[in-house]
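Let's take a walk through a protein model together. Have the sequence and the structure at hand, and follow along one stop at a time.

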Amino acid sequence: MKKNPRPPARASQSRREPPSPEAEASRAARPLREDLVLQASLEAYGFIRHEGRLADRALDFTLRHKRNLYSNERRAVAERVYALLRRQLTVDFLLERAHRGFSRLDKTRQDVLRLATSRILHGEPMDVVARTSALTGPNADALAALPEAARALEALPRDKRFPIAASLPDFLARYFREVFGEDAERAAEAMNERAPLTARTNGFKGDREKLRALLEQEGVQSSPTSLSPLGLILDTRTNAFSLEAFREGWFELQDEGSQLLGMLVDAPPTRVVDACAGAGGKTLQLAVQMKNRGDLHALDIEEWRIEELRKRARRAGVHNVRTQVIPPEGPEADEAIAPLKGKADRVLVDAPCSGTGTFRRKPDARYRLTPEMLADHVARQKRLLERFSQLVKPGGRLIYGTCSILRQENEEVVQDFLSKHPDYSVRPVAEELGPELGAKVGPGPFLRLAPHLHGTDGFFGAILVRAK
Ligand SMILES: C[S@@+](CC[C@H](N)C(=O)[O-])C[C@H]1O[C@@H](n2cnc3c(N)ncnc32)[C@H](O)[C@@H]1O
């Protein structure tokens, strides 16, 4: 085979004329052109590690400009970059021990070694990795020294080993230990797994079994989620956005944990506020709960997110949403929401947070987070709860949620709010979800989800009821 065959003419026709399934299947079976995969992986990883770009954007950008890569090669680039991000601190630790001159190598050489080491950690044979990474001399020898470096890691005392083995910055490793105790290793391991591709059935179109049958007709196998009654887990290789069922609004991609948080709202067909609506993941779910009746106010500070929400609402057949872009802080923010004061039966505050529950999907986020940023998140969460609680009418409910596993952003924010608002009390989530499901998502009165226990992203949810 030629090393760099010219891309077939169809490759540039991209979207409107996708390759036939037969052509795609035969390409997927070809061996990877390792030099091209390595080059693209280095570029994307370099953007993330050395320029601080977000992983999904860096990969999008790189792969958009590498039109000559086949789909199996694109997948390999994405998988290898994500796999390395999940193990970045482990890989660096091992290489610093396995290669004496590692820190003096130029960035690209270091990254070649990092990608190679990560592939070995993920089970690829060492000789294949060395050959396909074009490593020679001391750089190839370093791979052979990895098992000894791994033994050195194993020999460290637990508190030193855990952050490195889990690839968590020290302060996060400490919080993981505080939250999960003896289970911290298992919790962190599960955060380093790949997340499932989960859909939420749009109840306006039909039920989950009907959606399952429709997906099967399009060649996509799925299985029901075990906790959310609305979810289906799709084969991760599915390009969900290209499916007819998606285009016709039958489903949205939404993690099962996020679906469970949405279920806590139990929105009646009256007046409901989704205060941090973003692109509307939960807004669309609430619209179904409301049977498209009443007023569902979707607020956010970002115009582009609200614009996306509008598009998704049209596709989903949602008619009761009123969108509003609001200022983030200060008297203007209060003024913007003043007409809703004391009028809402439900207010959902799905607060911006550290995202520590979503490391499966965003493995690079952990390296960006600092204790100072965490403190900023907490301060903002308290301000948002304070502001949006004013919209709850007597007897109404305030639902607070995050995709964080950290107590500081969850229980502590709720406790702080309750200490200032004696007219609010906690409604245990089991009362909302029923005893069977409720028993699985605790412990305690809150929704507390984690990948190692529930197979979902990490989520927190609290229902706070305002006295009549
Ligand atoms: C966790 S995301 C929401 C996700 C969304 N609810 C969903 O289910 O897809 C948090 C959102 O809060 C928004 N936000 C940040 N500060 C805000 C503020 N002061 N007021 C309202 N929304 C805010 C962000 O723009 C972001 O879209």
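The charged end of Arg 366 sits over the ring of Phe 359, 5.1 Å from the ring's centre. A charge is said to sit over a ring if NZ of Lys or CZ of Arg is within 6 Å of the ring centre and within 35 degrees of the ring normal. Arg 97 does this too: its charged end lies over the ring of Phe 93, at 3.8 Å from the centre.

Before we go on, a word on what you are looking at. This is a predicted model, in which local features need pLDDT of at least 70 and side-chain atom pairs count only at pLDDT 80 or more, while totals for chains, interfaces and linings use all residues. Residues are numbered from 1 along each chain as its sequence is written, and side-chain values use heavy atoms, with hydrogens and water left out. The pLDDT is the predictor's confidence in each residue, from 0 to 100. Its mean over the chain is 93, and 94% of the residues reach 70 or more. Over residues 1-18, however, the pLDDT is below 50, and this stretch has 14 contacts in the model beyond near neighbours in sequence (contact means heavy atoms within 4.5 Å). For the model, the scores are ipTM 0.99 and pTM 0.92.

Rings can also meet other rings. Those of Phe, Tyr and Trp (its six-membered ring) pair if their centres lie within 6.5 Å; planes under 30 degrees apart count as stacked, over 60 as edge-to-face and the rest as tilted. There are eight aromatic pairs by this rule. Phe 241, Phe 246 and Phe 251 form one aromatic cluster.

Next, find the open sheet, where four strands run in the order β2-β3-β1-β4 with antiparallel pairing. Helices (H or I, at least four residues) and strands (E, at least two) are DSSP runs, numbered from the N terminus, and two strands pair if DSSP finds at least two bridges between them. Which strands are at the edges? They are β2 (222-224) and β4 (251-253), each pairing on one side only. From one strand to the next, the twist averages 35°. β2 and β3 (residues 231-234) pair in the antiparallel sense over three bridges, and Pro 224 stands opposite Leu 232 in β3. Helix α13 (residues 208-217) packs on this sheet, touching β1 (197-201), β2, β3 and β4.

Now turn to helix α11 (residues 170-180), whose buried residues include Phe 171, Leu 172 and Tyr 175. Buried means under 20% relative accessible area, exposed over 50%, partly exposed in between (1.4 Å probe, protein chains only). Among the elements that the buried residues of α11 pack against are α10 (158-166), α12 (184-191) and α20 (371-389). Just after α11, Gly 181 takes a positive phi of about 55°.

Leaving aside neighbours within four places in sequence, its contacts include Phe 171 and Leu 172. Cys 276 is in the loop between β5 (271-274) and α16 (281-289), and counts as buried because its relative accessibility is 14%.

Terms used. Axes fitted to C-alpha atoms, helices over the stretch in contact; angles between N-to-C directions.
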